[in-house]
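I wanted to go through this structure one item at a time and note what each look-up gave. The entries follow in the order I made them.

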Protein chains: 2
Amino acid sequence: MSYYISVDLGGTNVRVAKVDDFGNILQDLKSPSFALEGADRVTENIMAMIEQIDGLSAAKGIGIGIPGAVDTYNRVITIATNLPGFRGYRLFDKLEAKFHLPTFMDNDANVAALAEALLGAGQGLPIVYYITHSTGIGGGLVIDGKVVSGRRGYAGEIANIIVRDDGQKYNYLNPGAVENEASGTAICRMGQETIGKEITSAADVFAKMRQNDPRAIAIIDRASYYIAKAMAAIAHVCDPHIFVIGGGCANASDLYFPLIADYYKTMVHDLMADIPISKAQLDEPGVIGAAMLVKSHLE
Amino acid sequence: MSYYISVDLGGTNVRVAKVDDFGNILQDLKSPSFALEGADRVTENIMAMIEQIDGLSAAKGIGIGIPGAVDTYNRVITIATNLPGFRGYRLFDKLEAKFHLPTFMDNDANVAALAEALLGAGQGLPIVYYITHSTGIGGGLVIDGKVVSGRRGYAGEIANIIVRDDGQKYNYLNPGAVENEASGTAICRMGQETIGKEITSAADVFAKMRQNDPRAIAIIDRASYYIAKAMAAIAHVCDPHIFVIGGGCANASDLYFPLIADYYKTMVHDLMADIPISKAQLDEPGVIGAAMLVKSHLE
C-alpha cells in the first residue's frame, strides 16, 4: 500500500495527514497555520508537522492544497489572499529540498475536485466538474484523473463568472459575478435584506426555506438560477460527465439541487441536459485531495 | 515521415487529404458531400476518395472532422444538423472496418483547435483555447496536445453561452447566446438593421468600420464586448495559455481584436488579463486538424 503526505493549508489552520490510495487518513495532525506571522513561519510549522508523520521517508510524495492560485508550471504561488507573503513564494521547492520527496501543490477547490473525481461522486468518470458552494464559490476541472490548473492557476475561479447584467459591484469580483449572487455569503446577505437581522448565515435561509418561508424560497430559487447559469457556461466549455457540488451549502442539497437542475436544463443543449448533478461524497476532500495530487502526478 | 488521412466533412463539400506530421498537405481531393442523399451515400463517397490516396496502407490512421458533436467515448455522432441521418451513425467503425486503420473523429471546431494548438498560433503551449468566429461561433479546448471533446461532444459549444440578459430568442440557442449577439450572422443582421439593405455580410460591416462609419463601429464594438464576455467565462473555467481566434471574421482582426482584449481585461482577474489573444495562423485548420487527431490519439 502506497501512502502520501497531505498538507491542507488554510488561513487559520493547517492539517498534515498521512493518506493511503483509498483516501483513508492514517494519521492526522492539526495546528494553527500562523498565517499572520509570514510565509517562513508557516513553512517551518508545516515542516515540523511533516516530520511527525510515521514512516515519512517511505511516503510517495507531498501534496498541498492552498486557498489561492498556484502556477503549477513554474511551481510558484500566484496569489493567496489569506496567506500574507505567499505570493511568489516557493513552498514547493522548500519542502522538496527538505524532505527529498516529490511535492505538488494546487488550489484547495482543485484539490477537492480531484478527491471527488478519484474517490468520491465522480469516481470512474472521465471529466468531472466540481463546485464548492460555501461562503464563496470555487470550481475544479478534472480530466482523466488530472487537475486542470491553468496557466497561472486560475482554472476553476468560477466565482468571477458574470451571471447577471445588472449586478452590483461588491468586491474585487465582477459586478454580477456568481459568487456575489449565489454564494453562502450572498444568500446570507439577501436573507438579511429581505427577512431581517435574525439571519446570520446561509444555513438560516435554508432553514427558513424548509419552513416554507416564501422570502427564503425566493432567495434560494434566485441563487439556484445563477448557479445553473454558471454551470451552463462551464458545460459548454468542457461538457463534463458529472457536476459534483460540495461545500457547506450542499448540506441543503435536497432543497436546491432540484432547482439548479431545472434551470440548468433550460440553458443547455438537449443532450447536455442530463449531465448528473450530484452532492459531493467525501467528508475530507481537502485532505484526501492533496494526497491524490501526488498520486495523480506520479501515475 | 509519418502521414495521416484527413477527412474534412461538411454539409456541402468533403475533402480527403494526405497530411504529414508538419501539416503539409501531400495530396488533396475534393468532392460534393452528397449530404442530402443520406449517411450511407456520404460514407461510400468518402471511402472511394480515401482509396485514391497514394500509399494508403502505410498511413497511420484516419481522422475526421464533422460539423456536429461527436461522442468520442462511444464512437458515435451525437448530432450533425447539416448531415441528415448521421445522428447515431457509426462512421468511425465503418471506415475502420473497411481500411483497417485507426480512425478518430471530432467536431470541426475541435479539430481546428487541435491544428492551431499543435502547428499554429498555440504551438508549444499547454492549454490552448481556440474560437472560430465565422457565420457561427465555435470553440475548442486543447490540453497537452489532446482535444477535450466532452461527455457527448459538446465541449466547445460556446455559441450557446449566455452573454446578455435581455437578448432575444432567435433560434435553438439561448436568448442572449453569444452566437446570436456576436457571430458573423449577428453582425450582418445588426448591420442590416442599422445601416441598411446594402449590408449582406459581416465583411460589409467590417468594411464600413474601416471607413469610420459610426454605426459599423458601434456594432463591432458591441459584438467584441460579447465575445470578450464569453472568453472571460471560458478563461475562468480553464485559464488557457492563449486564445486563438480564427474563422472568416478574424480576417478583420486588426479592427476588433483590440476591442475584445480591452473588454476581456475588465472581466477577469489581473493575472489573467495578459492571456494572449492571437489570430489563427493556419490556412487549412480543418484538413490539418483532422490529421492531427490521429497523431494526438496515437502518441
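**Entry 1: the two copies.** I worked on a predicted model. I superposed chain B on chain A and got a rotation of 180° with 0.0 Å of shift along the axis, at an RMSD of 0.0 Å. The two copies are thus related as by a two-fold rotation axis. I then asked which residue of chain B comes closest to the rotation axis. That residue is B:Asp165, with its C-alpha at 3.1 Å. I also compared the contact residues of the two chains: 97% of those in chain B recur in chain A, so the same surface serves both copies.

**Entry 2: the contact between the chains.** I noted 36 residues from chain B and 35 residues from chain A in the contact. On the side of chain B that touches chain A, β6 (76–79), β9 (137–143) and α7 (214–238) each supply at least two residues. Which element gives the most to that side? I found α7(B), with seven residues. By residue type, the side of chain B that touches chain A divides into 22 nonpolar, seven polar and seven charged.

**Entry 3: a sheet in chain A.** I traced an open sheet of five strands in the order β3-β2-β1-β4-β7, with mixed pairing. I looked for the edges and found β3 (25–32) and β7 (103–107) of chain A there; each has a single partner strand, so one side of each is left without a neighbour in the sheet. Neighbouring strands of this sheet are turned by 15° against each other on average, direction ignored. A:Ile5 stands opposite A:Ile62 in β4(A).

Entry 4: I looked up two helices of chain A. Helix α1 (residues 39–51) lies across β1, β2 (13–20) and β3 of chain A, and runs at about 30° to β2(A). Helix α9 (residues 285–298) lies across β1, β2, β3, β4 and β7 of chain A, and runs at about 130° to β1(A).

**Entry 5: β7 of chain B.** Is strand β7 (residues 103–107) of chain B enclosed or open? I counted five of its five residues as buried, so the strand is largely enclosed by the rest of the structure. Strand β4 (residues 62–66) of chain B runs parallel to β7(B), and five bridges join the two. I noted B:Ile62 opposite B:Thr103 in β7(B).

**Entry 6: α5 and α6 of chain B.** I took the axes of helix α5 (residues 184–194) and helix α6 (residues 202–210) of chain B; they come within 7 Å and cross at roughly 65°. The crossing of α5(B) past α6(B) is left-handed. From α5(B), the contact uses B:Gly184, B:Ile187, B:Cys188 and B:Gly191; from α6(B), B:Ala202, B:Asp204 and B:Val205. I sorted the residues of this contact into four nonpolar, two polar and one charged.

Entry 7: I found B:Met1 in the segment before β1 (3–9) of chain B. Is B:Met1 buried or exposed? B:Met1 has 7 other C-beta atoms within 10 Å, and 12 or fewer counts as exposed, so B:Met1 is exposed. Leaving aside its neighbours within four places in sequence, B:Met1 is in contact with B:Asp20 and B:Asp21.

Key. Residues numbered from 1 in each chain as written. Chains lettered and ligands numbered in written order. Predicted model: local features only at pLDDT ≥ 70, side-chain atom pairs only at ≥ 80, totals over all residues. Axes fitted to C-alpha atoms, helices over the stretch in contact; angles between N-to-C directions. Helix = DSSP H or I, 4+ residues; strand = E, 2+ residues; numbered from the N terminus. Left-handed = near helix turned anticlockwise from the far one by under 90°. Contact = placed C-beta atoms within 7 Å. Nonpolar A, V, L, I, M, F, W, Y, C, P; charged D, E, K, R; others polar. Least-squares fit on C-alpha atoms with pLDDT ≥ 70 in both. Buried ≥ 20, exposed ≤ 12 C-beta atoms within 10 Å, placed from the backbone. Pairing = 2+ DSSP bridges.
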